Amino acid sequence: MTLNQQRKLKTILTGLFAWTVALVLFFPIFWMFITSFKTELQAISVPPSLFFEPTLDNFRIVQERSDYLHHAWNSVVTSFGSTIIALIIAIPAAYSMAFFPGKRTKDILLWMLSTKMLPAVGVLVPIYILCRNYGLLDSKTALVIIFTLMNLPIIVWMLFSYFKDLPKEILEAARMDGATPWDEVVKVVLPLSVGAISSTALLSIVLCWNEAFWSLNLTASDAAPLTAMIASYSSPEGLFWAKLSAASTLACAPIVIFGWFCQKQLVQGLTFGAVK
């Protein structure tokens with residue numbers, strides 16, 4: 001076998017392996033999607049049916065029972081609101097750590113990241129009491145604050161990694177031209193880091209969108225996001241698989257569509273700093 005044939009065979013095998021992994025990962029989403037168009041009897045039939053007469057009744061029932069738009073709006077407000085606040089805090093923090101590091105900069109970064117290892121249930125009681133005392137139970141404000149603090153370490157870490165790869169000569173040239181630190185951030189760092197900031201923001205939005213623990217424990221109806229709506233379809237009577245799949249499809253659809261439109265910025269952010 002010649003060298004070119006070996007390369008072609010390697011390329012084919014790599015492609016087949018990649019497609020196999022992609023199909024395995026995508027299959028649960030595909031099955032959830034088609035189950036949402038089945039009746040409850042079809043959803044639990046054995047063996048499962050791939051060919052059936054689709055129905056939209058599950059989506060209609062989800063909207064009538066749960067007010068999908070209300071929960072979706074809560075998810076949008078909490079996810080985007082917490083991401084914006086986190087970026088406002090994280091960008092100056094990452095900028096200062098990347099371009100003006102101190103003796104304890106790495107220790108601070110490691111300490112921030114270590115807070116992600118704390119089990120959420122370990123701080124549930126004090127946070128619940130604080131929210132109760134300040135009238136923040138079942139409010140979007142509480143979720144925005146918690147989501148902001150929850151994702152802030154990851155956002156600071158990601159932006160720090162991007163910022164430290166920026167050529168420092170550009171900032172030195174800006175300082176020689178009389179740029180203030182504010183000018184450096186707004187006119188130099190941010191324009192060079194649009195892809196990085198976009199990918200970081202998208203990750204934060206996805207993490208907030210999928211967060212269920214705090215949503216279930218701190219909200220009831222007024223501020224409940226889509227994750228809480230999905231959990232409501234688990235009842236003592238059992239799981240209504242068709243309706244649960246319809247609710248899950250409706251919950252996943254907005255973030256999937258948003259990620260699809262933002263994939264260019266996401267790829268730019270993931271490859272940022274790979275080649276200088």
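## Close-up views of the aromatic pairs and the chain

**Figure 1. Trp 157 is partly exposed, with a relative accessible area of 24%.** In this predicted model, local features require pLDDT of at least 70 and side-chain atom pairs count only at pLDDT 80 or more, whereas totals for chains, interfaces and linings use all residues. Residues are numbered from 1 along each chain as its sequence is written, and side-chain values use heavy atoms, with hydrogens and water left out. Phe 160 is buried, its relative accessible area being 10%; buried denotes under 20%, exposed over 50%, and partly exposed the range in between, for a 1.4 Å probe and protein chains only. Trp 157 and Phe 160 lie 3 residues apart in helix 7 (residues 140–163), so about one helical turn separates them. Helices are DSSP runs of H or I with at least four residues, strands are runs of E with at least two, and both are numbered from the N terminus.

Figure 2. The structure holds 8 aromatic pairs. One of them joins Phe 27 and Phe 30, which are tilted, at 6.4 Å centre to centre and 45 degrees between the planes. Rings of Phe, Tyr and Trp (its six-membered ring) pair if their centres lie within 6.5 Å; planes under 30 degrees apart are stacked, over 60 edge-to-face, and the rest tilted. Together with Trp 31, Phe 27 and Phe 30 form one aromatic cluster. Phe 27 and Phe 30 are 3 residues apart in helix 1 (residues 3–35), so they are separated by about one helical turn. Phe 27 counts as partly exposed, at 45% relative accessibility, and Phe 30 also counts as partly exposed, at 34%.

**Figure 3. Trp 157 and Phe 160 form an edge-to-face pair.** The ring centres of Trp 157 and Phe 160 are 6.3 Å apart, with 85 degrees between the planes.

**Figure 4. The chain comprises 14 helices and 2 strands.** The radius of gyration of the chain is 23 Å, well over the 19 Å that the globule rule gives for 276 residues, so the chain is more spread out than a compact globule. This radius is taken over C-alpha atoms, and the rule is 2.2 Å times the number of residues to the power 0.38. Along the principal axes, the C-alpha atoms fill a box of roughly 75 × 70 × 30 Å. Buried residues make up 36% of the 276 residues. Among contacts (heavy atoms within 4.5 Å) between residues at least 6 apart in sequence, 76% join residues at least 24 apart.
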